[in-house]
Amino acid sequence: MKKILLRDESVYTDTVKHVKIDRAFLKEDLLFSSLITHDRMDPRSLRPGYHDFKIKGSQALTWLMDYVRDHFRIETKRTLMTQSVWGNLLLPREHTIKRNHALDKDPPDYIMLYGIDVEKGSSDLIIEYDREVNYKNNLIRLPLNDNVFHLFPAHLNYYISMNKGNQINCFLTVGCELG
């Protein structure tokens with residue numbers, strides 16, 4: 001697991017290795033939730049959660065979170081617990097809105113973003129940090145790829161850049177709390 005230091009906080013990123021995550025199942029679950037049942041995290045169209053679709057628990061999700069949790073514990077000596085899970089679909093030329101989770105009803109401590117099916121080089125995760133200082137350079141751009149996760153503090157502003165590819169990109173996001 002690679003640790004990237006941002007002033008006072010850290011971002012953790014890694015490719016999931018040694019465990020076969022059934023990304024096809026995760027993608028099918030996300031597509032079903034978004035296109036068939038319209039199972040949104042927030043039904044109000046002007047809220048950030050409107051474009052977040054609920055993901056059900058599964059063996060693939062459990063194995064992924066076990067992998068992330070174990071590697072985080074080795075790196076930090078702290079434990080992560082899954083709090084909420086959702087997915088996003090980005091059509092070509094779409095992007096997510098900038099958001100953070102500091103004002104959520106039950107805010108997570110960390111956000112884990114995982115690439116389920118992402119066209120190589122099409123999207124980036126942009127995280128803003130050190131908001132007290134008003135510099136435009138206080139952001140980090142992390143490329144989003146298949147089977148790669150990024151874990152970062154939930155109070156930081158973040159968004160997924162415009163999908164410059166030709167396919168639908170699928171992402172899984174997990175709100176985590178420290179145990």
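Predicted model: local features only at pLDDT ≥ 70, side-chain atom pairs only at ≥ 80, totals over all residues.
Residues are numbered from 1 along each chain as its sequence is written, and side-chain values use heavy atoms, with hydrogens and water left out. Helices (H or I, at least four residues) and strands (E, at least two) are DSSP runs, numbered from the N terminus.

H2 itself covers residues 59–76, and its 18 residues reach 25 Å from the first C-alpha to the last, close to the 26 Å expected at 1.5 Å a residue, where the expected span is 1.5 Å times one less than the number of residues. Several of its residues are buried, among them Leu61, Leu64, Val68 and Phe72; buried means under 20% relative accessible area, exposed over 50%, and partly exposed in between, with a 1.4 Å probe and protein chains only. What covers them includes helix H1 (23–36) and strands E2 (9–15), E4 (80–90) and E8 (148–153).

Now to the sheet. It is open, with 7 strands in the order E1-E2-E8-E5-E10-E4-E3 and antiparallel pairing, and two strands pair if DSSP finds at least two bridges between them. Strands E1 (2–6) and E3 (53–54) stand at the edges with a single partner strand each, so one side of each is left without a neighbour in the sheet. E2 and E8 run antiparallel and are joined by 4 bridges, and Tyr12 has Leu151 in E8 as its bridge partner.

A search of the whole structure finds 4 aromatic pairs, meaning rings of Phe, Tyr and Trp (its six-membered ring) with centres within 6.5 Å, where planes under 30 degrees apart count as stacked, over 60 as edge-to-face and the rest as tilted. One of them is Tyr12 with Phe72, edge-to-face at 5.4 Å centre to centre and 85 degrees between the planes. Because Tyr12 lies in strand E2 and Phe72 in helix H2, this pair ties together parts that are 60 residues apart in sequence. Tyr12 is buried, with a relative accessible area of 5%, and Phe72 is buried as well, at 1%. Finally, Tyr12, Phe72 and Tyr110 form one aromatic cluster.

Technical notes: Contact = heavy atoms within 4.5 Å.
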